[in-house]
Amino acid sequence: MDQSIKLKVRAAKAIPFERVERLLIRGTNWIGDAVMTMPAIAAIRKSFPRARISILVKPWVAELFYINPDVDEVVIFEDPGRHSGPTGKFRLSMELRERRFDAAILLQNAIEAAIIAGLAGIPIRAGYNSDVRGMLLTHSVRRTPAIFKVHQVDYYLEMVKALGCQSAGRTLDLRPSEEYRKLADEVLAPFGFDKERFLVGLAPGATYGPAKKWFPERFAAVADHVMDHYPAQVVLFGSAADRDSLGAVAANAHHPLIDLAGKTSLKEAIGLISRCRLFVSNDSGLMHIAGALDIPTLAIFGSTNPVTTSPVGSRSVVIRKDVSCSPCLKVSCPTDFRCMSLIKTDEICRAADDMLRLPPGGE
């Protein structure tokens, strides 16, 4: 974070750390956001070394916290499911009440998180005063305009620091076990993967509309370049919603690619990404996972802002063009899509070459 920016986030009072034995964190709802909260969670762990820390999250991000060493327990917020609607939220609150948490730190910004924590009878409820929920919090942190201009890692980290937590740094710490590598082998087995080759991952999809997506034919050209020049197998990553994007890449490539659109769980995707020598991606949740795993990552940015959402990893590189209309944060480009069209295939291929020359593990 640029230290010249004065964030000036303030808490009405610090959390009484000595009174907290059971702590609940309300995690964020999306993969990329969840990854970017991890330095804040590490700060919470450092500040509550003897507390049992549980995190309440939606099922699609839960896997990230099973491999996070700063979390003792993952509690699933089943929505959609048994916690849907007002009745479901009340049911969840009563389930949390039975656990007798001493404090809740709400990383999610919504008023719903504060309502659930209040109904659960959690005596210390801390978080940003977002979504008009300040009166529901016992320890409210005031946001300022400057805090919206920093990286999301710092957005969350500054909040817990304002509550009195000690920073543990900005390093992301995901530690997949050998089980994840075995899962990756099982996913690849039906495709006849040659284990003498290494993996290169491409994530040509993205949520929040087409303005975040580089062109599939250019992704295909990068895939062909990699497979022409290296003993590599290119794997396409994405959800079921990304099938069209991944299918277009596979259709334009001259080499056979392994298309995993909608075919992997998050756990399997983490195992596969952890085995990649290179990951090339639009701004997406999978990009953030690759960065957190410290995989060499080429992140292609167009409509979104790398200042706030670039991957945090020692071997991550952002590729973008400084055009007047970017970042626009629009779902679809209303003009000529120059932020993406100016990113040429040759530029990505050269950057890929540079990264593939690095020894595995960055040694």
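These legends walk through several views of one predicted model.

Local features here need pLDDT of at least 70, and side-chain atom pairs count only at pLDDT 80 or more, while totals for chains, interfaces and linings use all residues. Residues are numbered from 1 along each chain as its sequence is written, and side-chain values use heavy atoms, with hydrogens and water left out.

**View 1. The whole protein chain.** Here we have 14 helices and 13 strands, taken as DSSP runs numbered from the N terminus (helices are H or I, at least four residues; strands are E, at least two). The C-alpha atoms fill a box of roughly 60 × 45 × 40 Å along the principal axes.

View 2. β8 covers residues 198-203, and six of its six residues are buried. F198, V200 and L202 sit on one side, with L199, G201 and A203 on the other. Strands count as paired if DSSP finds at least two bridges between them. β8 runs parallel to β9 (residues 232-236), with five bridges joining them; G201 has V235 as its bridge partner there. Five bridges also pair β8 with β11 (residues 276-282), again in the parallel sense, and A203 partners S281 in that strand.

**View 3. Salt bridge between R22 and D102.** A salt bridge puts a side-chain nitrogen of Lys or Arg within 4 Å of a carboxyl oxygen of Asp or Glu. For R22 and D102, the closest N and O atoms are 3.7 Å apart. R22 lies in strand β2 (residues 22-26) and D102 in the loop between α4 (85-99) and β5 (103-106), so the pair ties together parts that are 80 residues apart in sequence. R22 is partly exposed at 30% relative accessible area, whereas D102 is buried at 17%. E21 joins R22 and D102 in a network of salt bridges.

View 4. E73 and R99 meet at 2.6 Å, N to O. Because E73 is in strand β4 (residues 73-76) and R99 in helix α4, this pair connects parts 26 residues apart in sequence. E73 is buried, with 18% relative accessible area, and R99 is partly exposed, with 34%. The other salt bridge joins E95 to R82, again with 2.6 Å between the closest N and O atoms. E95 is in helix α4 and R82 in the loop between β4 and α4, 13 residues apart.

Notes: Buried < 20%, exposed > 50% of the residue type's maximum accessible area, 1.4 Å probe, protein only.
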